[in-house]
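Please open the model in your viewer and keep the selection tool at hand.

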Amino acid sequence: MAGPLAGQILAAASGGRRRWGDRVFSNLAVAAGVTILALLAGVALFLLVESLPAVSADPDRLPGGKSLVDYIAPLVFGTVLAATIAVVIAVPLAVAAALFISHIAPRRLVLALGYMVDLLAAVPSIVYGLWGIFVLGPAAVGVMEWLEADLGFIPFFEGPASATGRTMLVASLVLAVMILPIVSAVAREVFSQTPRKLQEGALALGATRWEMIRMTVLPFGKSSIISGAMLGLGRALGETMAVTIILSVSGVVTFNLISQANPSTIAANIALDFPESSGLAVNTLIASGLVLFAITLVTNLGARAIISRQNIQ
Amino acid sequence: MPGAADATRAEADVEAGGPRRDATPALQVAGEPAGSADAPGARTLATRELNLYYGDFHAVQDVTITIAPNKVTALIGASGCGKTTFLRSLNRMHELTAGARVEGEITLDGQDIYAKGIDPVQVRRLVGMVFQAPNPFPTMSVYDNVAAGLNLNGSRVKKSEKDEIVERSLRRAHLWNEVKDRLDKHGSGLSGGQQQRLCIARAIAVEPEVLLMDEPCSALDPVATLAIEDLIRELKSRFTIAIVTHNMQQAARASDVTAFFNIEETGKPGRLVEVGSTETIFTSPSEQATEDYVSGRFG
Amino acid sequence: MSQPEGTLPTAAAELRTGLLPAWAPYVAVGASAVCVAAMLLAAGAFSVALLLVATAGLSCVALYLWSRSVEGSRRATDRAVTLMIVSAFGLALAPLLSLLFEVTKRGLPGLSLEFLTESARGVVGGGGAAHAIVGTVVITGVAAVISVPIGLMAAIYLTEYGGGRLRRALTFFVDVMTGIPSIVAGLFAYALFALIFGPGIRLGVMGSVALSVLMIPIVIRSSEEVLKIVPNHLREAAYALGTPKWRTIVSVVLPTAFAGLVTGVMIAIARIIGETAPLLVTTGVVDSINSNPFEGRMQNLAVYAYSEYRTPGVMKQASYDRAWAAALTLIAIVMILNVVARFVYRRYRTEIR
């Protein structure tokens, strides 16, 4: 085809419509990105707007007749207490489970075992709540009685031990089970990425497997473990249903983990009171939700900061 | 030495006479008049003082060269001297890398392809490319792979015409007999050499003016390599072909014109040192660096 | 066993240092189990959990001492710690096993035909969960319809377009979004609709909006991963043919990543289908079947399970049974979604050579 000169072809096609397909598509993509940002801003904004009435209102018009700060502070205490205990219990177990899968279990089983641990994350929180109150709670009563009897001098175990198991200890245990897969997944990821040459170097020196793990794998994974723990913390702070169902709430601020009288958490408080609330009570609850949002935000940002510092080195 | 028509020989003599040793040490090849009667669709690609950058890094410096129609122009030189970067600027693929910049002029048949208002997508339809590692589309059948250019750039082609084009391209690529019974199977079931021929069929199905090939045989075994080189020799009668190759023997076997790129030291931009007929470059090059490279003293 | 005093250790002698037999750990565990069982029975405080935990502890100590006397302290530590890690893993899995067992045991009896097909309307102390099942499907479906296009387009933006600042900001904010507590998402949806329609409103679609806030970042993350895996040379092959960018994305990149994208969406659905908190504050509790998300309250399985527990009817146990049955249904749906998702991925993924 001795057709028109290529130059003429090019000239004909140019000078005009920058392809509209490309333009439409890239605009859509940008719009999606902007929507995400708007959504996030919207969450903060709407919550703020709906909280304002509670912030500016008279204390005696708020639920409980206290000021907003006095209303929210015990909830913050309960939230942080439950989440912290959950993390303290979960992290060592998660790290051990991750080590087991990455370094100790037979290779053929690794996929199946990892899948089982991840299955813990798939269970809906309401199911954990039901399991906690009907199964774990009653089963823990004996342990709690023993704790009160033998370790009752520690403020955590002052007692009197609850007979139903609806205590902060049990709630924290359930939270720990819920966040374990998160921490374990992060730990597993980083353990399996420990450079072979580091590990082989340790083994070549005659180290036992545990010594090799202690010398190379754990230090290598240290900041990832920390950030995984913080991610788990963030999750535990925001968890609602398990705590709502399990905890028997009396609103008292206490470190006593095994008694009937417990502080509530922000999330559980909202879940319990919101359906029947109206007016200013709703605004108060939303204000507490905003506080929860802020707390989890800070925690998650901290976790990401640690991870990105690790990536930089 | 590829079988050369008389016209080509005449040019080779012209090229043999005196390369200029100055800042732009490249030869203007006396190109064939455009629209040559026996070579449908072949056109001339020319660059003038072309400089290519990645951000601040000056990758290729002051290249002035003409890629002539109905010839195979081989771009040779050691790794890292900018041959592939240069090749990718010829079909405006260079600019896809973030921060990449082009200075200077590239013309296709006299038309500056980087002029304002020129659509790079249109340029790429006229200047096709075959890559180093065969990359057939994994979700498409053999038929759809060859027809991909037609389907994806919105040309409205009737099914019967498409069938014709697919068969013609596969025949030209010497792949038809091997795949004619499995046109609807996936391209990934073919051998490396077959996949590369599939990619060539795909590239020529849209009838580009120029075909660029970036080390097309480096991922293939020697048998497949020779098959592709034969194919290239045949294709030059229809297309203008430029091929980047690491393999000097391949350049000697398959090309008519050879351009030697070199780099003075790491960090400096690559330059076009010498260009001439393949025979001249390999037997009596004018530059010392060229002589050193083709005789294997470095690279 | 150590070398006799006064002789230089030779390599041979070092290598011959005693080793415990391969079955040693199992013997240690078994023996400890027996001892612990005996002690517990004698003390009258037998329980499976206590048996397992005490056995784990005792066998670690026993193995350590045994190994130390034969193999030396370094190997002993290694063995003991290994056993501890194995026990810890078992401890980590125990809740899962207990949970699956209990949910099945307590939920299965409630899973009758009536449960699956009847709603609770007008039935005192009985009825089924059909309204909840319908509600779950509708609310989750609408959430997916909202989340998938937005999430996919945002992921496309991040991987195919997006320069510098906007891209980094977006990645950062998606990270932030993954951390939003589910109840906060619910409050947001409530606040949004309350500002527009006035307080006290309860709609099915509000629940979908809340779930979308949770679902979008999951879809973005998983889609981004899958799109990044598509090799760049495929895009270049398309560009070299003169294909415009959008066509390349739609006809080459997306089909190549398709199986992974579908899997990602299914897993995202599995994650949010069990969310209760955001729905408690948005969609309300209702007894009848409502399949219109834009009209009135809508029940769903998770909230149903919760409300059957929290406000049981006259026949308490029957309500609890229904709660367990709903829980079992939820877990079954989630597991099935996960399994099917993985199956789809393995079967349909595009093999890139």
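Begin by selecting helix α3 (residues 48–71) of chain C and helix α4 (residues 73–107) of chain C, which pack at an angle of about 160° with their axes 7 Å apart. Helices here are DSSP runs of H or I with at least four residues, strands are runs of E with at least two, and both are numbered from the N terminus. The axes are lines fitted to C-alpha atoms, for helices over the stretch in contact, and the angles run from 0 to 180 degrees between N-to-C directions. α3(C) and α4(C) are therefore roughly antiparallel to each other; angles over 145 degrees count as such, while those under 35 are roughly parallel, those from 65 to 115 roughly perpendicular and the rest oblique.

The model is predicted: local features need pLDDT of at least 70 and side-chain atom pairs count only at pLDDT 80 or more, whereas totals for chains, interfaces and linings use all residues. Residues are numbered from 1 along each chain as its sequence is written, and chains are lettered from A and ligands numbered from 1 in the order in which they are written.

Remain with the helix pair and display the residues of its contact. On the α3(C) side, the residues include Ala56(C), Leu63(C), Tyr64(C) and Glu71(C); on the α4(C) side, Ser73(C), Arg79(C), Leu83(C) and Ser87(C) are among them. Two residues are in contact if their C-beta atoms, placed from the backbone, lie within 7 Å. By class, the residues of this contact divide into eight nonpolar, four polar and four charged. Ala, Val, Leu, Ile, Met, Phe, Trp, Tyr, Cys and Pro count as nonpolar, Asp, Glu, Lys and Arg as charged, and the others, Gly among them, as polar.

Next, show chain A beside chain C. Here 66 residues of chain A are in contact with 71 residues of chain C. Select helix α2 (residues 20–56) of chain A, from which the largest share of the side of chain A that touches chain C comes, at 19 residues. That side of chain A comprises 47 nonpolar, 13 polar and six charged residues.

Now turn to where chain C meets chain B: the contact takes 20 residues from chain C and 21 residues from chain B. Select α10 (232–240) and α11 (245–272) of chain C, the elements that give two or more residues to the side of chain C that touches chain B. α10(C) gives the most to this side, with seven residues. The side of chain C that touches chain B has 10 nonpolar, six polar and four charged residues.

A residue is buried if 20 or more other C-beta atoms, placed from the backbone, lie within 10 Å of its own, exposed if 12 or fewer, and partly exposed in between. The buried residues of α4(B) include Val142(B), Asn145(B), Gly149(B) and Leu152(B). They pack against α5 (159–172), α6 (176–179) and α7 (192–205) of chain B, together with α10 and α11 of chain C. Just after α4(B), select Gly154(B), which takes a positive phi of about 75°.

Widen the view to the whole of chain B, which has 11 helices and 10 strands. Buried residues make up 51% of its 299 residues.

Which order do the strands of the open sheet in chain B follow? The 10 strands run β5-β4-β1-β2-β10-β9-β3-β8-β7-β6, with mixed pairing; two strands pair if DSSP finds at least two bridges between them. The edge strands, each pairing on one side only, are β5 (111–112) and β6 (127–130) of chain B. Select strand β9 (residues 257–263) and strand β10 (residues 270–277) of chain B, which pair in the antiparallel sense over seven bridges. Ile263(B) stands opposite Gly270(B) in β10(B).

Follow with Val60(B), placed in strand β2 (residues 57–67) of chain B. Val60(B) counts as buried, with 27 C-beta neighbours inside 10 Å. Leaving aside neighbours within four places in sequence, the contacts of Val60(B) include Leu50(B), Phe86(B) and Gly270(B).

Finish at Asn70(B), in the loop between β2 and β3 (72–76) of chain B. The phi of Asn70(B) is near 55°, a positive value in a residue other than glycine.
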